[in-house]
Structures are given as structure tokens and as C-alpha cells.
Amino acid sequence: MSKRLFIAIKPNAEILQGLKSFQDQLKQALPYTGIRWVNPNLMHLTIQFLGETDDKHLIKLSSSLELALKGAETFEQIFQDAGTFGSGRSVRVIWVGAQDTPPLRDIYKRVLEATNILELEQKPRFSPHLTLARIADWANSHEKSSIFQHMRGLTDLCFGSQVITSIDLVESMLTRSGPVYKTYRKFNFG
């Protein structure tokens, strides 16, 4: 058996409420059927996507993460700005940024070291963000261009900050009605 896993930071309720309000404003400004909006309760800052992970590795992975996060310090995470991945007529994702700071990079590096035991094939990249929406491939070029232009016009957005004291190992179960996330284990810093 295996589980589809990722490691993430979950925003607190106050941040999520601000993201939901912003998302509601975007839904009004961008009423396109080609936009698949992410349920705010599922929003997270992905540290690393692990993919299908054999259950036999879970105990070793948990131990490795626990060891790697010993001595990690809590830090303030600011959620700010918004934009898209892809530009013009090739927009794929609408996101809110997570300030890329040395403490966040430290957690990222610790997680990469801990997950080396899985010998993942993918090359990890780190672009700290929360996904608000995904744009369907079939959305027309006018809609995609309009989304890109609207998002480019938004500046100086701040959705708040929170003190990060832990990360979560999350199982992602894909269903017909969308993904369901379940925290497999929480890892506290310190």
C-alpha cells in the first residue's frame, strides 16, 4: 500500500478568512468557468510534494523528519502579494505569495535532507505560495489573458502573518469531488 503525501505549512484561520475574502473578490472580477477555485480550507504552503509513498517508508520518514526539525526555530511567516504562474495566454495558476525568508528556506532545506531517504526522482523546486485557483487547459485565450492582466494590476496586498511552529505531513486522497487532505503527522519545531 502507499499514500500520496506532501509536507506543508497550514495557514491559521485568520489568514484563511482573508484569503477566502480575496478569492470571493476575484470570483466577482473573473467570472470564468475555466477557473477551478481551491477550497480555502485546503489551502497550504507546500514545502515538498512526495507523491506516492510506500507505507513501509512512513516510520523511517517520520523519524527522519523529526530528527531534521530538532533545533529548528519558530518564525513569522507573512502572506502577501498575488500573481499567476504562466503569463498572458498561458496562465495556469492564481496564487498568493508566502514571503521567502531565511527561516522558511532553513525549514525547506531540513525537509529535503530528511526526505533524501525516499530517493525521489523529481527535482524539487521551491516557490513559496498558496494556490487560490487553477486554470483549465480548455479556458479560452481571452479569459486567460484577462486573468493575467487583472492579477498584474494587484499590488501591495498583505493577508497577514502567523508564527510557524510546526509542519504537517499530509495525505492527499483524490476523489471525484476534489482532493481530501488528512494530516498524517504534525512535526513541531525545537
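Because the model is predicted, local features need pLDDT of at least 70 and side-chain atom pairs count only at pLDDT 80 or more, while totals for chains, interfaces and linings use all residues. Residues are numbered from 1 along each chain as its sequence is written, and side-chain values use heavy atoms, with hydrogens and water left out.

**Figure 1. Helices and strands of the protein chain.** The protein chain holds four helices and nine strands, where helices (H or I, at least four residues) and strands (E, at least two) are DSSP runs numbered from the N terminus. Read from the N terminus, their order is β-α-β-β-α-β-β-α-β-α-β-β-β.

**Figure 2. Extent and burial of the protein chain.** Along its principal axes, the C-alpha trace spans about 50 × 35 × 25 Å. Of the 190 residues, 45% are buried, a term that means under 20% relative accessible area, with exposed meaning over 50% and partly exposed in between (1.4 Å probe, protein chains only).

**Figure 3. T115 in helix α3.** T115 lies in helix α3, which covers residues 102-115, and T115 counts as buried because its relative accessible area is 3%.

**Figure 4. Surroundings of T115.** When residues up to four places away in sequence are not counted, T115 touches I7, Q48, L50 and L61, a contact being heavy atoms within 4.5 Å. One of these partners, L61, is 54 residues from T115 in sequence, yet their C-alpha atoms are 6.7 Å apart in space.
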